[in-house]
Amino acid sequence: MARMKFLCDAERCIECNGCVTACKNEHEVPWGVNRRRVITLGDGESGEKSISVACMHCTDAPCAAVCPVDCFYTTDDGVVLHDKDLCIGCGYCFYACPFGAPQYPQEEAFGVRGKMDKCTFCAGGPADDNSPAEKEKYGRNRLAEGKLPLCAEMCSTKALIAGDGDMVADIYRERILKRGGRPQTWGWETAYGS
Amino acid sequence: MKDTTTSNTPQALSKRRRMKAMAWSFLFIVLSAMILPTASYLVSGEQAHAQVTNDQNQRANFWRAVREGAPGYSAVSGPEAGVFINNGGQNWRQLRNGMIANYGGWAIIIGLGVIALFFLVRGRIKIDEEASGMSVPRWKTWERVMHWYTAILFVLLTISGLSMLFGRAVLIPLLGAKGFSAWANLSINVHNYVGPFFAIGVFAMLLFWVKNNIPTGTDMAWFAKGGGLFSKAHPSAGKLNGGEKVWFWIVIFVGLVAVCGSGLVLIGWMAQLGFVDSTRGTMQLAHQVHAIASIVWVVVFFGHAYIGTLGTEGALEGMTTGRVSVEWAKQHHDLWYEEVKDQAGIAEDTTSAPAPSTAAS
């Protein structure tokens, strides 16, 4: 079984927000809900970097750990999904998530948020594959159609890559080798010195 | 002496020379092994270090700052949309799932256990004197309404709140995922909608009962005697004894300030009023304060509920009918009884008497 992963190559991302638009259009998510977003770090300064972020489908997902109704599950492909029929909109997954992935459709008095919505890696939800119910609640299930997430498919610079972790790693490794230079991973210095 | 004279033979001399040469060679090798590797410092000590700093991986530090939560810009609007990594989440997860859920659960079990044990050892505290049928007014109607309004909401909030914290471990095995989800959905809505009305009740208690709860020297003496909990003695007390005053101040500080205050942060009202921001860090902190203080409050509440019902004969009547028997008043609140004994009467004819006068207030 594949272990699905996203990787955003910050050396390539040009902050076009194509992934955000593709996602919103493909899944017809409501206003105010953004399953994916692009963050520009050091915006306007020399060496600014942009990176696209959504649910990273963690192995030990914090959202799943803190959910009071235990509505999260991990598919065989390593995709973290949740059951909206169980979700009570408490917001705990948003407090715990490192990436700000969980989104809520409402913001009303008395703290009502509505059911949580997040990136599904285009893998739908617990409803039957490609059923109208699944489309309505979770958006398109592209994985069931043998396709990869649309955000990555539509990335104009191929900065955002999605797919089997091994293949994603191979592509990235190849890029790093071609680019040359020193490893640019954070923490490299702490671990290995200069 | 004998050694030196005998060692002057040519053979002995050459052997000694060999030994000496070996020793010096050995020393030379050892010192070289230690010193030579550091010789490069003589050549390029300072320079080499300077080069390392200049050649430092700037990008690594850039991403380290991002890892630590440095915000950027995002075209997507929303609170903290520009923050790539939310660091507080992991701490919050570990505190909630670890310390709060574990110690909190044990605190509740141990609290109930201690009360059960106390009941088994001490039993119900009975009224010593024979009942005369005479009673004195203790709580006015509006005070009782305020008490039971807050008490009922407290119980609703406790059940719904504990369901949210412990339900996944305790109730999902019993109700199933769907059943518990329905229960949790009801719980969170009850909790969110009832909470602010509950806070109003607690705030009213602060306003109207604070005058009864100022600590006095009598309370110190009451505490010195352990409140009569562990002895047959009945230390003197005014309208409220030291224990009741402590409960009142726990309700105010743990309850009103910590629990109700953090609750209003969690449903977003404090942010609406501009007292706090609505970032995840604020919510995580508010949730932790809310959970910890609530458990403290609930455990102390168990004690209050026990003493007010099962633990003390004649105490509950004060809050239900508004009147307590003269014997109970003399036994538990002797100083207060001295103040109100002229109002003593037969319970039958007083059930209707205080009602009209207090309804207006």
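The legends below describe close-up views of a predicted model.

**View 1. The contact between chain B and chain A.** In this predicted model, the contact draws 54 residues from chain B and 53 residues from chain A. Together the two chains bury about 4600 Å², of which 59% lies on carbon and sulfur atoms. On the side of chain B, the residues that lose the most area to chain A are B:W63, B:F84 and B:R168, which together account for 15% of what that side buries.

**View 2. Polar and charged pairs across the interface, and the elements of chain B that line it.** Two salt bridges are found across the interface of chain B and chain A, and one of them joins B:R93 to A:D60, with the closest N and O atoms 3.0 Å apart. Across this interface there are also 18 residue pairs in polar contact, counted where both residues have pLDDT 80 or more. On the side of chain B that touches chain A, at least two residues each come from α4 (58-67), β1 (73-74), α5 (88-122), α6 (141-170), α7 (172-209) and α11 (280-311) of chain B. Of these elements, α7(B) gives the most, with 13 residues. Sorted by class, the side of chain B that touches chain A comprises 28 nonpolar, 16 polar and 10 charged residues.

**View 3. Strand β2 of chain A, with a strand partner in chain B and another in chain A.** Strand β2 of chain A, which spans residues 37-41, pairs with β1(B) in the antiparallel sense over two bridges, and within this pairing A:I39 has B:S74 of β1(B) as its bridge partner. The strand β2(A) also pairs in the antiparallel sense with strand β3 of chain A (residues 49-53), here over five bridges, and A:V38 stands opposite A:S52 in β3(A).

View 4. With a relative accessibility of 14%, B:N241 counts as buried, because the cut-off for a buried residue is under 20% relative accessible area. The side chain of B:N241 reaches the backbone nitrogen of B:G243 at 3.0 Å. When its neighbours within four places in sequence are left aside, B:N241 is in contact with B:D219, B:W222 and B:H333.

**View 5. A salt bridge between strand β3 of chain A and a loop.** Over all chains the count comes to 19 salt bridges, and the one shown here joins A:K49 to A:E11, with the closest N and O atoms 3.5 Å apart. This pair links distant parts of the chain, since A:K49 belongs to strand β3 of chain A while A:E11 sits in the loop between β1 (4-8) and α1 (18-27) of chain A, 38 residues apart. A:K49 is buried, having a relative accessible area of 11%, whereas A:E11, at 36% relative accessibility, counts as partly exposed.

View 6. A:K135 forms a salt bridge with A:E28, the closest N and O atoms lying 3.8 Å apart. A:K135 lies in helix α4 of chain A (residues 132-138) and A:E28 in the loop between α1 and β2 of chain A, so the pair ties together parts that are 107 residues apart in sequence. With a relative accessible area of 31%, A:K135 is partly exposed, while A:E28 is exposed, its relative accessible area being 60%.

**View 7. A network of salt bridges in chain A.** The residues linked in this network of salt bridges are A:E26, A:R140, A:R142, A:E145 and A:K147. Among the pairs of this view, A:E145 forms a salt bridge with A:R140, the closest N and O atoms being 2.8 Å apart. A:E145 is partly exposed, with a relative accessible area of 34%, and A:R140 likewise counts as partly exposed at 22% relative accessibility.

Note on methods:
Residues numbered from 1 in each chain as written. Chains lettered and ligands numbered in written order. Predicted model: local features only at pLDDT ≥ 70, side-chain atom pairs only at ≥ 80, totals over all residues. Heavy atoms only, no water. Contact = heavy atoms within 4.5 Å. Buried area = accessible area lost by both parts, 1.4 Å probe. Salt bridge = Lys/Arg side-chain N within 4 Å of Asp/Glu carboxyl O. Polar contact = N/O pair within 3.5 Å; in protein donor to acceptor, adjacent residues only side chain to side chain. Helix = DSSP H or I, 4+ residues; strand = E, 2+ residues; numbered from the N terminus. Nonpolar A, V, L, I, M, F, W, Y, C, P; charged D, E, K, R; others polar. Pairing = 2+ DSSP bridges. Buried < 20%, exposed > 50% of the residue type's maximum accessible area, 1.4 Å probe, protein only.
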